[in-house]
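Subject: The model we talked about

Hi there,

Here is the structure I promised to pass on. Have a look at it first, and then read on for my notes.

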Amino acid sequence: MAQLTLKVKKVANKNLRTKVMGFASRAIANGVATFDDLCAQAALNTTLHPKELALAFGLALDAVRDALKNGKIVDLDQIGRLYPAISSHWTATEEEQTLDGLEKRVSYRPSQEITSAIAGAKLAWATKKEAEESENNGTDTGDNGTTDQGGDNGGGNQGGELEG
């Protein structure tokens, strides 16, 4: 398999701690793999019709959804794990931690194979055309970890995540 190349674009971004405008970098995805695309690819070299696979895959996704809705960690083998988690801001005392201050979310922990593939990716600046296209077709990942947000605006402590 060829080495993954992630295209990167520069975007205007305000540092939440200093309130100064500057720039951050965001990855541009290499397109979108739709449900139908995945079913068609998975059905290659099998006796399954892509629609049959889509039905089975859809049922599996229903089970994933239901497990998450019931607060379970979902182990997706080669993909990684989805799990319920919370985020909280740092406080000086235990008493300052309140349930009202918690943000509920679903987190994803990729498998080692996926982590290695992304960590080993080559980075390249996107052309102006690629950057503009990413805004129009939804392939801008919106992920920027380059600015130091600091303080409470940086996401805070993520203690309380369910680990598995």
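A word on terms before anything else: helices (H or I, at least four residues) and strands (E, at least two) are DSSP runs, numbered from the N terminus. Helix α4, for instance, covers residues 128–137, and E133 lies in it.

Please keep in mind that this is a predicted model, in which local features need pLDDT of at least 70 and side-chain atom pairs count only at pLDDT 80 or more, while totals for chains, interfaces and linings use all residues. Residues are numbered from 1 along each chain as its sequence is written, and side-chain values use heavy atoms, with hydrogens and water left out.

**The overall picture**

The protein chain has four helices and six strands. Read from the N terminus, their order is β-β-α-α-β-β-β-α-β-α. Of the 164 residues in the chain, 21% are buried; buried means under 20% relative accessible area, exposed over 50%, and partly exposed in between (1.4 Å probe, protein chains only). Counting contacts (heavy atoms within 4.5 Å) with a separation of 6 or more, 59% are between residues 24 or more positions apart. The accessible surface of the chain is about 11900 Å², and carbon and sulfur atoms hold 55% of that. These areas come from the Shrake-Rupley method with a 1.4 Å probe; for residues, only the protein chains shown count as cover.

Strands count as paired if DSSP finds at least two bridges between them. Strand β1 (residues 5–14) runs antiparallel to β2, and eight bridges join the two.

The C-alpha atoms of E133 and I28 are separated by 9.5 Å, although the two are 105 residues apart along the chain.

What meets the side chain of K7 in a salt bridge? The partner is E130, at 3.6 Å from N to O; a salt bridge here is a side-chain nitrogen of Lys or Arg within 4 Å of a carboxyl oxygen of Asp or Glu. K7 lies in strand β1 and E130 in helix α4, so this pair ties together parts that are 123 residues apart in sequence. Both ends are partly exposed, K7 with a relative accessible area of 25% and E130 with 27%.

**The other sheet**

A second open sheet has three strands in the order β3-β4-β5, with antiparallel pairing. Here β3 (74–75) and β5 (103–110) are at the edges with a single partner strand each, so one side of each is left without a neighbour in the sheet. Two bridges pair β3 with strand β4 (residues 80–87). D75 stands opposite R81 in β4, and the side chains of these two residues also meet in a salt bridge (3.4 Å, N to O). R81 is partly exposed at 27% relative accessibility, as is D75 at 48%.

**More salt bridges, and a nonpolar patch**

The whole structure has five salt bridges. Another joins the side chains of R65 and D66 (3.1 Å, N to O). R65 is partly exposed with a relative accessible area of 41%, and D66 is partly exposed with 33%.

Lastly, F35, L38, F57 and L61 make a nonpolar surface patch of about 300 Å². The elements that give two or more residues to the patch are α1 (35–43) and α2 (50–69). Patches are made of residues with over 30% relative accessible area and no salt bridge: like charges are joined within 9 Å, and nonpolar side chains (Val, Leu, Ile, Met, Phe, Trp, Tyr) within 5 Å. L61 lies in helix α2 and counts as partly exposed, at 39% relative accessibility.

Best wishes
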